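Please look at the sequence and the structure before reading on.

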Amino acid sequence: MILVSSCLAGLEVRYNGTHSLNKKIQQLVEAKEAITICPELLGGFSTPREPAEIIGGDGEDVLNGKAHVVEKSGKDVTELYLKGAYATLEKAKKINAKVVVLKENSPSCGSSTIYNGEFIGKKMAGNGVTSALLKRHAIQVISEEQFVEGSY
Ligand code: SF4
């Protein structure tokens, strides 16, 4: 069993009410070979919500208390992002997930790149908060860009 970002399976849970459908991921969910998860909804957000970015580093730095997740209007939402990350970790452990496929670039789910905290659409290398926490617990995290059907 694998765990996948809900938005990759076509669920309209992104901050702006859209999805990021990946048909291969959706098929896995329909075949009951994957379970969907949205760390931000688990953290207590609803859809739509304000866009947020990590300021002062990446998800690792957030876990270390050195960076913050902040909404575009300036509200610090770090605690909710941490709550969603820990809830996702629990779920991954519960289903003994072999791999977790998370949406690239998100402040929660990015696993190679995230936005750089300036809200100008510029990316940088780094993990989102959930990906950083899962990796810290030795859970394999890949993005939809790295996912190859039949490999897991
Ligand atoms: Fe998709 Fe992750 Fe954002 Fe939820 S938190 S909408 S699963 S990228």
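## The largest nonpolar core

The largest nonpolar core has 27 residues, and V69, V100, V129 and L134 are the ones that touch the most other members. A nonpolar core here is a set of buried Ala, Val, Leu, Ile, Met, Phe, Trp, Tyr and Cys residues joined through side-chain atoms within 4.5 Å. Buried means under 20% relative accessible area, exposed means over 50%, and partly exposed is in between (1.4 Å probe, protein chains only). At least two residues of this core come from each of β3 (52–55), α3 (59–63), α4 (78–94), β5 (100–102) and α5 (129–136). The most, five residues, come from α4. Helices (H or I, at least four residues) and strands (E, at least two) are DSSP runs, numbered from the N terminus.

The model is predicted: local features need pLDDT of at least 70, side-chain atom pairs count only at pLDDT 80 or more, and totals for chains, interfaces and linings use all residues. Residues are numbered from 1 along each chain as its sequence is written, and side-chain values use heavy atoms, with hydrogens and water left out.

Which residues does V100 touch, not counting residues up to four places away in sequence? They are L3, A92, L134, I139, Q140, V141 and I142. Contact means heavy atoms within 4.5 Å.

## How α4 and α5 pack

The axes of α4 and α5 are 9 Å apart, and the two helices pack at an angle of about 40°. Axes are lines fitted to C-alpha atoms, for helices over the stretch in contact, and angles run from 0 to 180 degrees between N-to-C directions. Angles under 35 degrees count as roughly parallel, over 145 as roughly antiparallel, 65 to 115 as roughly perpendicular and the rest as oblique. The helices α4 and α5 are therefore oblique to each other.

On the α4 side, the contact is made by Y81, L82, G84, A85, Y86, T88, L89 and A92, and on the α5 side by V129, T130, L133 and L134. Nine of the residues in this contact are nonpolar, three are polar and none is charged. In this count, Ala, Val, Leu, Ile, Met, Phe, Trp, Tyr, Cys and Pro are nonpolar, Asp, Glu, Lys and Arg are charged, and the others, Gly among them, are polar.

Why is α5 largely enclosed by the rest of the structure? Six of its eight residues are buried. These are V129, T130, S131, A132, L133 and L134.

## Backbone details in the loops

Most residues other than glycine have a negative phi, and most peptide bonds are trans. A138 follows α5 and lies in the loop between α5 and β8 (141–143). Phi of A138 is positive, near 65°. With 72% relative accessibility, A138 counts as exposed. F119 also has a positive phi, near 55°. F119 is in the loop between β6 (113–115) and β7 (123–125), and at a relative accessible area of 21% F119 is partly exposed.

The loop between α2 and β3 contains P48, and the peptide bond from T47 to P48 is cis, with omega near 0°. S46 is found in the loop between α2 (39–43) and β3. S46 is partly exposed, at 49% relative accessibility. The C-alpha atoms of S46 and V148 are separated by 30 Å, and these residues are 102 residues apart along the chain.
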